[in-house]
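Trainee: Before we go through the assignments, can you show me the model?
Mentor: Here it is.

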Amino acid sequence: MNAKLCHTPAQRPLKVGILGGGIAGATVALRLADMGIQTLLIEASSGLVNGPPICHLHAGGNLYREISDDQCLTLLRQSIASVRAYPNSINRRPTVIATPITDSGDAEALLPRLKQVTQEYQRLVDEDPANKVLGEPDQYYRCYSREQFEALATRPMPAHARCQDDWLIPLAHHLDPETLKFPLILVQEYGWSLFRMAATATLALNTASHCELHFHTRATRLEQWPDGWTIHGTHQDGQEQPFKVDFLVNACGFRTGLVDDMAGYRRQRLVEYKAAYVARWQTSGDWPEVIFHGRRGTPDGMAQLTPYPNGVFQLHGMTDGITLFKDGLAASCDISAQPRLPQPYVAQLDNGWQTPDIEARTREAIAHLARLLPAFGKARVGGKPLFGAQQIPGSDPSLRAADVSFEGNHYARVEIVKASSALTAADRIVGRLAELGWLEMDELPLSPSLALTEDQNAAEVEQEAIRLARERGYPDELALTMG
């Protein structure tokens, strides 16, 4: 990739300011710094990539029956690019999609979509062999009939999964086929480690010669000029510091509306508060991720079991008592671009969770999984929840594929719903800078691979991820590599 950096109208090198060091802001910073663009990243917390619970790629959108096929194909392409940009962050284990008999859906309803996704994956691999990051295209998914599933229950538990059948054997030993509709679908939907993503970005940007990081700093006022912006930042110690930039990227996640308000821009959006829970369950075999479909917001809402090493599992349950929260979906209004969540949720976002809430909601999540997987009822609380708020541009709460929007010549807002959309947003910002004459590109589209991350040592990334997990109060297992 070659890009010629042009001078700004004031005859100085281009400087881009990024507000927010979550997965969106960190990915934009990685892309820009990788291209030699002077980048300033301002983050209110102590480190990069804090935010909503991330546990898988969403390659193809197989977890969401309600979204369009176009969104699924977009998520597939974005997920492949994300694996290439964060090569040491993937947990290579499949996902099993199960439809309980209590659910009104058809277990075969996903099959036409899966065929489309498989065809697109094959096309992408044919286009560039480096895109083969989700296993072999002809093994992207496999269906299991009831007879096949029952036959797997008679097999001994393998110590380690070495083929597709091996991933199903733990489920076959623990699930009653009478409670399920068939087929079960095994998909090469890989896991994504939040902490190894954070470690990847931290190691890369701390040593990047073109990136300037400011932690414990919050933008408190913005001044717009004909040729850019002045960001007035306030440090944790109360000291104020101005930063002059030519182009401003608002990557503040669920707080994006606050920056829009400071910049004088109106934008309709939703914000949804969510949490996932950590449990320990001593069991044998290598487990896949398991999705039990169910109607969102009901007692039978979707249940999700995400495995990590040493018997640690991350749990989602799409009910108001588990992952979702009563009145946890808020919309912006005419006087502010920032949706207002109920104060108790804001307090949790700012100050963390209290022990009684951790215990109660984690136990409810365990019970929700145990309805379908009775042996999981022996699981115990494994740590504090992963939590955060997810922004959704517009007014459609089912939207999953989104990236960036622009205002004028000097402002971009990153509006990703899923982490896999972050690199697409970064590349669209690069395209905008080229349109404005600040870059001359001789290669488009950009390669997903980044020089800052592709040569990183996997063991060093894992060690940094463990350090970050401990620093943030989570079990080491959430940082360890699987597969």
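**Sheet and helix packing**

Mentor: Six strands form an open sheet in the order β9-β3-β2-β13-β22-β21, with mixed pairing. This is a predicted model: local features need pLDDT of at least 70, side-chain atom pairs count only at pLDDT 80 or more, and totals for chains, interfaces and linings use all residues. Residues are numbered from 1 along each chain as its sequence is written, and side-chain values use heavy atoms, without hydrogens and water.

Trainee: Why do β9 and β21 stand at the edges?
Mentor: Each has a single partner strand, so one side of β9 (211–214) and of β21 (404–407) is left without a neighbour in the sheet. Strands are DSSP runs of E, at least two residues, and helices are runs of H or I, at least four, both numbered from the N terminus.

Trainee: How do you know that β2 and β3 pair?
Mentor: Pairing requires that DSSP finds at least two bridges between two strands. Five bridges join β2 (residues 15–19) to β3 (residues 38–42), so the two parallel strands meet the definition. Ile18 has Leu41 of β3 as its bridge partner.

Trainee: What makes the crossing of α2 and α3 right-handed?
Mentor: A crossing is right-handed if the near helix is turned clockwise from the far one by less than a right angle, and left-handed if anticlockwise. α2 passes α3 in the right-handed sense. Helix α2 (residues 69–85) and helix α3 (residues 111–127) pack at about 35 degrees, with axes 10 Å apart. Axes are lines fitted to C-alpha atoms, for helices over the stretch in contact, and angles run from 0 to 180 degrees between N-to-C directions.
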